[in-house]
Amino acid sequence: MESKKTLIIFEQIDTFEQFLERNIIFNNVDIFTPYKKVSNVFMHNFRAIAKRLPGFLFHNWWLEEWSRKLPDYTNIVVFDNAISLKLLEYIDAHKTRSSKLKLWLWNVPNKQVNYLNSNYDVYCFDKTYSENYNLKFVEQFYVLGSTKKKDILDIEYDFYFIGADKGRLPKLKSLAKQIVLNNYSYRFDVFGVKKQHFDSEFEGIQVIDKLLPYDEVLDNILASNVIVELNKKGQDGLTLRAMESIFYKKKLITNNKKIINYDFYHPNNILVWEEGNDIKLDEFIQKPYVQLEKDIIGRYSFSNWLSKITEI
């Protein structure tokens, strides 16, 4: 019997996406970028123009190697950062009738969600967003086993955060005050903040020009006791920070109230924080970390996500 093969297409500009591509190693899974890679700005601009020209001739020339072997795949999963109407139309026109095209929304809200859901099979990690737009819900995932490639580092910070400002800075400052008040250390790496407008009172908040390489982020996580997660308003789905806390066995402080409903929740490991409320950081830090069962961790593995989204 011929084995079932899955094609996964996503951009690999971000270093986390590159990390995923390196660590997802399955015999029947091929991972590609949508278009051929370029080595300089001129070719990047030339490729961008070619993709927008009328018709498909120039667009199709730029498609990666996967485009020549679409009939090999039973399932084709396109992540949202690679979605374009021309790309989806090409896949629809060249895949076999029995192969299934599925879209994975990893960044919500999505401006095209209504069109995409009317024409394609759309999956999303955020349960509330999925319910609101009638999408298929599949839980968030991480690469199981990736921690084996990282050395254990000495603890340098009690609390660690990384992310864009996006309105989070007041909350981070509020949390930083409570951390210092309780005599703990922190490092908050924030980008998207103008340095000249930044309050130097918070020495542990570092303004960075761009997101750190993901390997460096992992080093900082391993060198910390607690990962800080601040979800955007209306975001209920599990973020990358929550996945890292599970797989790297780190405690988590989060403003996601719905996290208490997940099977991996334990009050020793996860502290739900609401800005304006005093928190007993010392009590939380001193509690021993409770090891999660392998079955629970496995539910958030890539292999489990793959099984669900391909309905194998």
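This is a predicted model: local features need pLDDT of at least 70, side-chain atom pairs count only at pLDDT 80 or more; totals for chains, interfaces and linings use all residues.
Start at helix α12, residues 302-310. Five of its residues are named as buried: Phe-302, Trp-305, Leu-306, Ile-309 and Thr-310. Look down the axis of α12. The buried residues fall within an arc of 110°, so they line one face of the helix. What does that buried set pack against? The partners are strands: β1 (6-9), β2 (29-32), β3 (75-79), β4 (100-105) and β5 (121-124). Just past the end of α12 comes Glu-311, with a positive phi of about 55°.

A search of the whole structure turns up 29 aromatic pairs. In one of them, the rings of Phe-141 and Trp-305 have centres 4.6 Å apart. Their planes meet at 40°, so this pair is tilted. The pair ties together distant parts of the chain. Phe-141 belongs to the loop between β6 (136-137) and β7 (157-164), whereas Trp-305 belongs to helix α12, and 164 residues separate the two. Is Phe-141 buried or exposed? Its relative accessibility is 2%, so Phe-141 counts as buried.

Another pair joins Phe-264 and Tyr-300. Here the ring centres are 5.4 Å apart and the planes stand at 85°, so the geometry is edge-to-face. This pair also links distant parts of the chain, 36 residues apart. Phe-264 sits in the loop between β11 (251-254) and β12 (270-272). Tyr-300 sits in the loop between α11 (294-298) and α12. Both Phe-264 and Tyr-300 are buried.

The structure holds 1 cavity of 30 Å³ or more. The largest cavity has a volume of about 40 Å³. Which residues line the largest cavity? Phe-264 is one of them, along with Ser-245, Ile-246, Lys-250, Leu-252, Asn-269, Ile-270, Tyr-289 and Leu-292.

Now turn to open space. The largest pocket has a volume of about 1000 Å³. Its lining counts 34 residues. Closest to the centre of the pocket are Trp-106, Asn-107, Lys-166, Leu-240 and Arg-241. Which elements supply at least two residues each to this lining? They are α1 (15-23), β7, α8 (214-222) and α9 (240-247). The largest share comes from β7, with 4 residues.

Next, take Thr-239. This residue is found in the loop between β10 (224-229) and α9. Its relative accessibility is 13%, so Thr-239 counts as buried. Set aside its neighbours within four places in sequence, and Thr-239 is in contact with Gln-140, Glu-229 and Asn-231.

Lys-36 lies over the face of Trp-61, at 3.8 Å from the ring centre. Lys-136 places its charged end over the ring of Tyr-123, 5.8 Å from the centre of that ring.

Notes: Residues are numbered from 1 along each chain as its sequence is written. Side-chain values use heavy atoms; hydrogens and water are left out. Buried means under 20% relative accessible area, exposed over 50%, partly exposed in between (1.4 Å probe, protein chains only). The arc is that of the directions from the helix axis to the C-beta atoms. Contact means heavy atoms within 4.5 Å. Rings of Phe, Tyr and Trp (its six-membered ring) pair if their centres lie within 6.5 Å; planes under 30 degrees apart count as stacked, over 60 as edge-to-face and the rest as tilted. A charge sits over a ring if NZ of Lys or CZ of Arg is within 6 Å of the ring centre and within 35 degrees of the ring normal. On a 1 Å grid over the protein atoms alone, a cavity is a set of points where a 1.4 Å probe fits but cannot get out, and a pocket is an open set with protein on both sides within 12 Å along at least five of seven lines; lining residues have an atom within 4 Å of a point. Grid points are joined across faces, edges and corners, and a volume is the space filled by probe spheres set on the points.
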